[in-house]
Amino acid sequence: GGVTTIDPGYKNTGSCESAITFLDGEKGILRYRGYSIEELAEKADFLEVAYLLIFGELPTKEQLEKFDKDIKEESHVDEDMKKILDGFPKSAHPMGVLSSLTSALIAFNPGSVDVDSEEAMYNAIVKIMGKFPVLAAWTMRKRKSLPLDYGDNSLGYVENLCKMMFSRPNKAYEANSIVNDALDKLLILHADHEQNCSTSTVRIVGSSHAGLFASLSAGISALWGPLHGGANQAVIEMLEAIKADGGDTAKYIAKAKDKEDPFRLMGFGHRVYKNFDPRAKIIKKSAEEVLGDLGIEDPVLDIAKGLASVALEDEYFVKRKLYPNVDFYSGIIYRALGIPTEMFTVMFALGRLPGWIAQWREMRLRKEPIGRPRQIYVGENYREFVDLEKR
Ligand code: CMC
């Protein structure tokens, strides 16, 4: 028989059991494998968190060294991938390029698709952990007309990512610990968020036994949208528009409340967090520190703070429990680090990569069935075919 009830947006539908991320939206709690996000952001580095998410435990020194070494051995991509990158117009949105390149990787690594053993799964995981930052950094360099950079395997994962993004031709690369630390923290805060839109996409695509890279490419596409990861780009664009319009925050608060106006306050609201987003708390503090450390005064941060303070007292937002989310302040940090606005969602994808991998791996190890929701049919009943001349 068919189903009799539906749940649009799956607001109240569980899709799986998971041992990866715990989230309490009422209390504002987020934990990876039992460890609090606050402590991880403070004490761990991104690669440790990636290992924790994917394999379930914090790595020992030896385990971390091996993971790092295995990833580094995969931190190159086939030279022919450059031709694919070259085929895109410079104006192409980096998220479209990244999702395409991630799909294209399958052609160059066909062995990554069939992952029936744990070993094959591990190999696919270290491959994508190694190659993904290269693709993401190249996407940015292409847009900036800079020669591609392969990084330096003597550097740490995040340091190397910075080198691949920021190095300049004929100039020795100088690591900047403020930039590295800020990025490390941001990547950790984005690393997993249980069954969100892109993660559910990764699991559902993977449930047909499409390979890891194909599942990730679909996840990147899902993340792109402004209601999900694309919100970080949308936030800065919104703040800049408000600035250009004379900085009148009240006008935009009014627009957001107007039900006839499709405008939403970007970076506000969350499907699950109804008191505060714990990631936003950490990021707000970090944004202030980074801007202070780098000596940057950004009027956009003042507009953001103004907007947040008005919205937090306004009845419309209070009643609907709309608080600044992770994306509200992250863009301000990315901007301070010199990352172009249209790259922000790529930065989110870099952070979310281990979460997607962990969720995909869990889904495969648990031998979950193919994802296949039901529907309630509301179309026409049987109709007799009408010939073309008679229509
Ligand atoms: N500005 C103005 N009104 C809003 C906003 C907003 N940002 N967000 C929700 N509302 C209103 C909405 O109009 C609705 O009002 P009413 O009950 O009168 O019809 C009510 O609040 C509930 O909203 P909803 O759309 O039913 O809630 P949802 O759980 O379906 O959507 C959301 C959650 C995050 C998509 C939504 O809050 C939104 O569009 N926010 C702006 C985009 C954004 O910042 N997205 C990033 C999310 S966090 C990063 C990530 O994990 O992707």
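A: The axes of H6 and helix H17 (residues 344–365) come within 11 Å and cross at roughly 165°. That makes H6 roughly antiparallel to H17 (angles over 145 degrees count as such). This is a predicted model, in which local features need pLDDT of at least 70, side-chain atom pairs count only at pLDDT 80 or more, and totals for chains, interfaces and linings use all residues. Residues are numbered from 1 along each chain as its sequence is written.

Q: How are axes and helices defined?

A: Axes are lines fitted to C-alpha atoms, for helices over the stretch in contact, and angles run from 0 to 180 degrees between N-to-C directions. Helices are DSSP runs (H or I, at least four residues), numbered from the N terminus.

Q: At what angle do H5 and H6 cross?

A: Helix H5 (residues 94–108) crosses H6 at roughly 140°, with axes that come within 10 Å.

Q: How long is H6?

A: The expected span is 1.5 Å times one less than the number of residues. H6 (residues 118–143) has 26 residues and reaches 38 Å from first C-alpha to last, close to the 38 Å expected.

Q: Where does H6 bend?

A: A bend is the angle between axes fitted to the seven residues ending at a residue and the seven starting there. H6 bends by about 25° at Lys-131, and Pro-133 follows within four residues. After H6 comes Ser-145, with a positive phi near 60°.

Conventions:
Helix = DSSP H or I, 4+ residues; strand = E, 2+ residues; numbered from the N terminus. Parallel < 35°, antiparallel > 145°, perpendicular 65-115°, else oblique.
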